[in-house]
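This report describes one protein model for a reader who meets it here for the first time. The sequence and structure are shown below.

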Amino acid sequence: VPVEKVMVRDRDGAAHRGLRTALSQYATGVAVVTTVASDGCPVGMTINSFSSLSATPPLVLWCIRLDSASLSTFTTTDHFAVNVLAASQEQLARRFAARDTDRFAGLLWYRDSRGMPLLHGGLGSFTCQRAELICGGDHLIVVGHVEEYEVTAGREPLVFYDGRYHTHLSGRSGLKARGLQAVVSGTKAATEFAGRSRGQRPYR
């Protein structure tokens, strides 16, 4: 298979477009990050930059564009929640990526123990205290300290690959999964395994 090697230069627009295409070959999960604005209204946006950072202490990160309309809210709030989407939630991902719309209008959601908005039907959620903001080019890296999380077993993930959403993982091995709930305090995690599942582009 022929392989093309491309050198990237800062002012080379064509090379940067090619780089974006190349990076799109890296499949990611899709999540909606949520918080509460200073006026008490819920705020949320779709991301595919969510990643684990550290186990001790429990840290995660995600990225937001410097020109995002939600930048000021997410950089001033103390807490946020990352809602990991299931394969059946593509329309939810599109809703929270849309511009100039009330993304929570008519949507069923609930609050966790920290008051963060959580969405129904996903793979799980991570509630975090904002720990650090790091500038990275035209994005800001938001680092969060995980304080609480929950996982619902038995659902397929929503995947973003090659500029499109995908709702099926081919060749996925069968896994025996159990419902999981956990509350993280400092470097210690109190974990409870339940015998059944708990029923409970992309970023802008």
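D100 sits in the loop between α3 (90-95) and β7 (109-111); helices (H or I, at least four residues) and strands (E, at least two) are DSSP runs, numbered from the N terminus. D100 has a positive phi of about 55° although it is not a glycine. Because its relative accessibility is 84%, D100 counts as exposed; buried means under 20% relative accessible area, exposed over 50%, and partly exposed in between (1.4 Å probe, protein chains only).

The model is predicted: local features need pLDDT of at least 70, side-chain atom pairs count only at pLDDT 80 or more, and totals for chains, interfaces and linings use all residues. Residues are numbered from 1 along each chain as its sequence is written, and side-chain values use heavy atoms, with hydrogens and water left out.

**Backbone features**

Most residues other than glycine have a negative phi, and most peptide bonds are trans. D162 also has a positive phi, near 55°, and is a residue other than glycine. D162 belongs to the loop between β11 and β12 (164-166) and, at 28% relative accessibility, counts as partly exposed. A cis peptide bond, with omega about 0°, joins T56 and P57. P57 is placed in the loop between β4 and β5. G154 is found in the loop between β10 and β11 (159-161) and is exposed, with a relative accessible area of 74%. The C-alpha atoms of G154 and L123 are 8.4 Å apart, while the two residues are 31 residues apart in sequence.

**Strand β5 and its partners**

Strand β5 (residues 59-65) is mostly covered, with six of its seven residues buried. Strand β4 (residues 51-54) runs antiparallel to β5, and three bridges join them; two strands pair if DSSP finds at least two bridges between them. Four residues lie between β4 and β5 in the hairpin that they form. β5 also pairs with strand β10 (residues 139-151), in the antiparallel sense and over seven bridges. Which residues stand opposite L61? In β4 it is S51, and in β10 the bridge partner is V143.

**Nonpolar cores**

A nonpolar core is a set of buried Ala, Val, Leu, Ile, Met, Phe, Trp, Tyr and Cys residues joined through side-chain atoms within 4.5 Å. The largest one has 18 residues, of which V33, M45, I47, W62, I64, F74 and F80 touch the most other members. Two or more residues of this core come from each of β2 (31-36), β3 (42-47), β5, α2, β6 (79-84) and β10. β10 gives the largest share, four residues. A second, separate core of twelve residues includes V32, L85, L92 and L119.

F80 has contacts with, among them, V33, W62, F74, F126, C128 and V142, not counting residues up to four places away in sequence; contact means heavy atoms within 4.5 Å. Helix α2 (residues 71-76) also holds T73. T73 counts as buried because its relative accessibility is 17%. Leaving out residues up to four places away in sequence, T73 touches T35, A37 and V43.

**Aromatic pairs**

A search of the whole structure finds seven aromatic pairs. Rings of Phe, Tyr and Trp (its six-membered ring) pair if their centres lie within 6.5 Å; planes under 30 degrees apart count as stacked, over 60 as edge-to-face and the rest as tilted.

| Pair | Centre to centre | Angle between planes | Class |
|---|---|---|---|
| W62 and F74 | 5.1 Å | 80° | edge-to-face |
| W62 and F80 | 5.9 Å | 70° | edge-to-face |

W62 lies in strand β5 and F74 in helix α2, so their pair ties together parts that are twelve residues apart in sequence. The pair of W62 and F80 links strand β5 to strand β6, 18 residues apart. W62 counts as buried at 0% relative accessibility, and F80 counts as buried at 0%. F74 is buried too. One aromatic cluster is formed by F50, F126 and Y149.

**Cysteines and confidence**

The structure holds zero disulfides, a disulfide being a pair of cysteine sulfur atoms within 2.5 Å. C128 is buried, at 0% relative accessibility, whereas C135 is exposed, at 57%.

The protein averages a pLDDT of 82, and 75% of the residues score at least 70; pLDDT is the predictor's confidence in each residue, from 0 to 100. Over residues 172-201 the pLDDT is below 50, and this stretch has 50 contacts in the model beyond near neighbours in sequence.
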